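Hi,

Here is the structure I promised to pass on to you. Have a look at it first, and my notes follow below.

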Amino acid sequence: MNSTVKSNQLIKEFKHDLSGLSVNERQVLEKLIKAARLIAPIYQKQQDPKYPGANFYPHDVEKTEIENAAKKDPSLLDPYTIVKRKNGKLISVPYHLEYRQYLLPIAKQLLEAAKITINREFGKRLELQADALLDGTYDVADIYWLSMRPYKIDIVIGPIERYDDRLFFTKCAYQTWVGVMDESETQEAVQLKETIYASHQRIFAPFHKIDFLDKIQVRVDNTLIFSGLITRFGFTSTNLPNDVSLMEKYGSEITVFKQSFDEKFKTLHHPIFHRVFEKNFQISYPVDILKRGSLRNTVLHEISHPLMRYRDAESRLKELFPIFDEISASVYGVKACGALLLKNAISQKELEAIIVMFICKSFSWWLDYLKQPSTIHYTKGYAIALNYFLENGSLKETDGISWPNFTKLFVSFEELATILERIISVGSYKEAQQFVDRYGSLDVFQRFQSRLIGVKI
Amino acid sequence: MPQTKKIFLTAEGLEVLQRELDNLVRITRPRVTERVQRAREFGDISENSEFDSAKEELGLVEGRISELERILKNYQLIVKRPKAEGFVVIGSTVIVEVDGEIDEFTIVGSPEADPSKKKISNESPVGQALLGAKAGEAIEVTTPIVRARYKIKEIK
């Protein structure tokens, strides 16, 4: 079938040795992987990079037409409906009805896995997830998932990320991953999280700041499969759910996808390091320390997300919100390393590697953006950081990025973290727009374009 | 002979390390040694991955035993002093204000340090800078990259 062939481009399976798992666990995983593969054809129906509203809305519709119609029918802007035109009128259809024929076999696999798993709590989770796919009760499934004890096997499946809706940043696209916890890496990530959160007690916290740090779980997984949107974006980590009110009540789960991270480091971040930094500088940073720095960067980004949650940020900053949401977490993550260094939780060299990999990742997002414009909010955010550092002289370009002045650069990270948090906590849309206009130019990346030839996404 | 540096330990920390050493010597070392011997019996050790892995594990165990023996030969017990002393010593729990945030931690010797559990080494930049400081004082903590100003709110 044609759609199956195409949808294979939306599935990525990773190799990982499962011999340490029990027979029962391997049987459960087999079912989950089958369910995961079936998500890609649904995502294929939703995506269309040619249109800012993908296939979530009629292609000829104007943004204002939807906004006006949504005043009478708010379901048009529900995250889990698609919008169609019927007799000239805009109507909404819930995902679980629109895609029912595709969802039935997925739910069947989940229920079969639920039946055979010997972990009853996980079995219940799979049952609720199957129900959610078929009746739209996503919150119920999410709440159970966030409340259960960590289990070595994890699956996240359903309509989740909003990046493909460039019209309203509202409609969720289908995706899934299946992973098996890497216990030692998870332990280190948990320690990093607890060290940072332990010292994060604000003296004056704004009333609209959301505080749920005690309810955040973090895990590093050996990823077995990506399917749907996540395959296209190739994420190395995520923090779910996206719904701020759910997060506040039930917390969130941070997942780092180890195989996806390894692949990105090898094919993107490390080659970029060799291309954008001066030769003499490169000698001081062996691959192992850079890889650890890059992984910590990923974990720090996710750990910092919950520190930047403000109730009204999305409605105040509108489509600019994802730019500030992503870059503020990345910048704050580096800033938080200051306390880690002072407490001997990391060494100076390790902090330098984290900063160096932050810079490499900014170029990585730009290369990603050239391939898929829907990652623009990441790229713009990193452009803001790079332009800010170049403007105040903490980064210099000569023949590539020369030896960074880490002292000055770290002060710049602290300053920028403060500015970004101010915008995300109380800034107006106009202020946010002015800041993006001033620092968000992508020209900074284009100056390095010739150096990056040959780096493959 | 080089002077051996004193390593500070609390009574609880001492007990934990003694227990760990005892466990390593009585249980782990014999188990891993037996694993190496069994792997050796598999045949040609030049292409024996089980032998390599067992040897590696034994190396880690022996390394940890040596480290613990060194610590337990050179430790100095932290005696809990009355709070009235009024300045930060090893063993003090301090509440500080830094960059608009409140932080609380206990200063311990390096073997017990675990920043995720609010135990900071006396050899860390923060630990070194705070030792001897009094409540109400503001201390500048600096490294080549990071500098921060810690105001001591309370010493417990």
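In chain B, the 25 positive and 27 negative charges have mean positions 6 Å apart. Lys and Arg are counted as positive and Asp and Glu as negative, leaving out His and the chain ends; each charge is placed at NZ of Lys, CZ of Arg, CG of Asp or CD of Glu. For chain A, with 60 positive and 56 negative charges, the mean positions lie 3 Å apart.

Before you read on, a word on conventions. Please keep in mind that this is a predicted model, where local features need pLDDT of at least 70 and side-chain atom pairs count only at pLDDT 80 or more, while totals for chains, interfaces and linings use all residues. Residues are numbered from 1 along each chain as its sequence is written, chains are lettered from A and ligands numbered from 1 in the order in which they are written, and side-chain values use heavy atoms, without hydrogens and water.

Now to the fold of chain B. It has 3 helices and 7 strands, taken as DSSP runs (H or I of at least four residues for helices, E of at least two for strands) and numbered from the N terminus. Starting at the N terminus, the order of elements is β-α-α-β-β-β-β-α-β-β. The radius of gyration of chain B is 21 Å, well over the 15 Å from the globule rule for 156 residues, so chain B is more spread out than a compact globule. That radius is taken over C-alpha atoms, and the rule is 2.2 Å times the number of residues to the power 0.38. Along the principal axes, the C-alpha atoms of chain B fill a box of roughly 70 × 35 × 35 Å. Of its 156 residues, 39% are buried (under 20% relative accessible area; exposed is over 50% and partly exposed in between, with a 1.4 Å probe and protein chains only).

Chain A contains 21 helices and 11 strands. Its radius of gyration is 22 Å, close to the 23 Å that the globule rule gives for 457 residues, so chain A is as compact as a globular protein of that length. The C-alpha box here is roughly 60 × 55 × 50 Å along the principal axes, and buried residues account for 60% of the 457. Taking contacts (heavy atoms within 4.5 Å) between residues at least 6 apart in sequence, 77% in chain A join residues at least 24 apart; in chain B the share is 51%.

How many residues of each chain are in contact across the interface? There are 23 from chain B and 23 from chain A. About 2,100 Å² is buried between the two chains, with carbon and sulfur atoms giving 58%; this is the accessible area (1.4 Å probe) lost on putting the two parts together, summed over both. B:Glu101, B:Ser116 and B:Ile145 supply 30% of what chain B buries against chain A, more than any other three residues.

Two places in chain A may also interest you. A:Gln372 sits in the loop between helix H17 (348-371) and helix H18 (376-391). A:Gln372 counts as buried because its relative accessibility is 7%, and, leaving aside residues up to four places away in sequence, it touches A:Arg232 and A:Phe233. A:Ser450 lies in the segment after helix H21 (443-446) and is exposed, at 57% relative accessibility. From A:Ser450 to A:Asn24 the separation is 426 residues in sequence and 52 Å in space, C-alpha to C-alpha.

Best wishes
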